[in-house]
Amino acid sequence: KKRIFISGFLLIYTMNLSVAQEGVLLNVVYEFKYVRDLQRKDNPYVSNMVLSLGKSTSRYCSEREFNANSSSSKKQQQNFPDPSMPTITVVGGPAILMGRYGVAIREEIIKNIGKQKLELNGHVGTKTYTVETALPKINWRLKPEKKLIGKDTCQRALGKYAGREYEVWFAPGLPFSDGPWKLNGLPGLILEAKDSSNEVAFYFKEMGRNDNGKEIVVPFLKDQYTIMTNTKDYNRSRRAYDLDPEAIILAEHPEAEIHINNIDNSGIQKLTKIGKYNAIEKNE
């Protein structure tokens with residue numbers, strides 16, 4: 001009989017595979033909102049995300065991953081690693097990371113603007129997957145409207161990507177042809193983006209320049225156990241796990257004692273099933 005436990009923290013084994021890369025010049029925090037369940041539109045998935053920008057490369061990950069792994073983070077703990085870090089071995093069995101918005105999405109995007117390459121690393125159940133693709137080429141249509149976001153004057157642009165029409169606001173004064181998630185390709189950093197159905201959105205919260213010289217653009221989730229795959233198969237695995245994480249873990253480890261780890265002190269003690277799954281990439 002399967003048993004589910006609530007755990008406060010996990011003992012985690014991780015391996016640092018960092019290699020010398022570009023230094024981080026700017027860290028930008030976004031609020032990511034995503035209607036993952038079309039039957040619960042009033043309860044979207046919400047997470048703070050951090051885009052760490054080098055001259056021509058970037059890393060986009062959750063604020064939890066950033067705080068757990070970044071040497072510049074004051075929140076990094078030495079004795080008890082953050083439960084959002086890649087889980088290879090967990091004392092007591094595998095864990096499902098849960099919060100008030102459902103099962104945690106654990107992905108990072110590494111972009112290389114110079115080489116026009118994109119790498120997605122995703123942790124699904126007890127496995128880590130890596131997908132390498134070309135950087136998406138989005139046919140942006142520039143619009144004359146402008147508005148102030150933070151301290152930066154931004155211009156409006158429209159573009160289609162992965163089955164969704166996005167309205168974005170980019171800052172020409174920030175010379176990075178980049179943005180949150182997989183969005184990129186404008187003459188300035190994208191500070192705000194949302195799709196036409198109001199199901200996916202990225203809102204600027206804050207930014208800070210990195211002057212300590214210690215931070216470099218490296219992946220946090222990728223490890224020696226990473227499974228190389230393609231976008232279609234990864235999205236299929238992501239969907240299956242989001243819909244029924246317990247079933248996926250038990251299929252891999254039939255005798256496992258599954259733990260639920262609350263990542264946001266919400267007190268969630270049971271799995272909330274998704275009624276009608278809404279893929280963020282509709283054409284996959």
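A salt bridge is counted here where a side-chain nitrogen of Lys or Arg lies within 4 Å of a carboxyl oxygen of Asp or Glu. By this criterion the structure, a predicted model, holds 16 salt bridges. Side chains of opposite charge can pair when their charged atoms come close.

E119 belongs to strand 8 (residues 117–124), while K222 sits in the loop between strand 14 (200–209) and strand 15 (227–229), so the bridge ties together parts that are 103 residues apart in sequence. E119 is buried, at 13% relative accessible area, whereas K222, at 25%, counts as partly exposed.

A second pair is formed by R141 and E165, whose closest N and O atoms are 3.0 Å apart. Here, too, distant parts of the chain are linked: R141 lies in strand 10 (residues 141–149) and E165 in strand 12 (residues 164–171), 24 residues apart. R141 is partly exposed, at 35% relative accessibility.

D242 and R238 are both buried. Through salt bridges that share partners, R36, E107, R238 and D242 are joined into one network.

Helix 3 (residues 245–252) has P245, E246, I249 and L250 buried. Viewed down the helix axis, the buried residues fall within an arc of 125°, so they line one face of helix 3.

Methods
Residues numbered from 1 in each chain as written. Predicted model: local features only at pLDDT ≥ 70, side-chain atom pairs only at ≥ 80, totals over all residues. Heavy atoms only, no water. Buried < 20%, exposed > 50% of the residue type's maximum accessible area, 1.4 Å probe, protein only. Helix = DSSP H or I, 4+ residues; strand = E, 2+ residues; numbered from the N terminus. Arc of directions from axis to C-beta.
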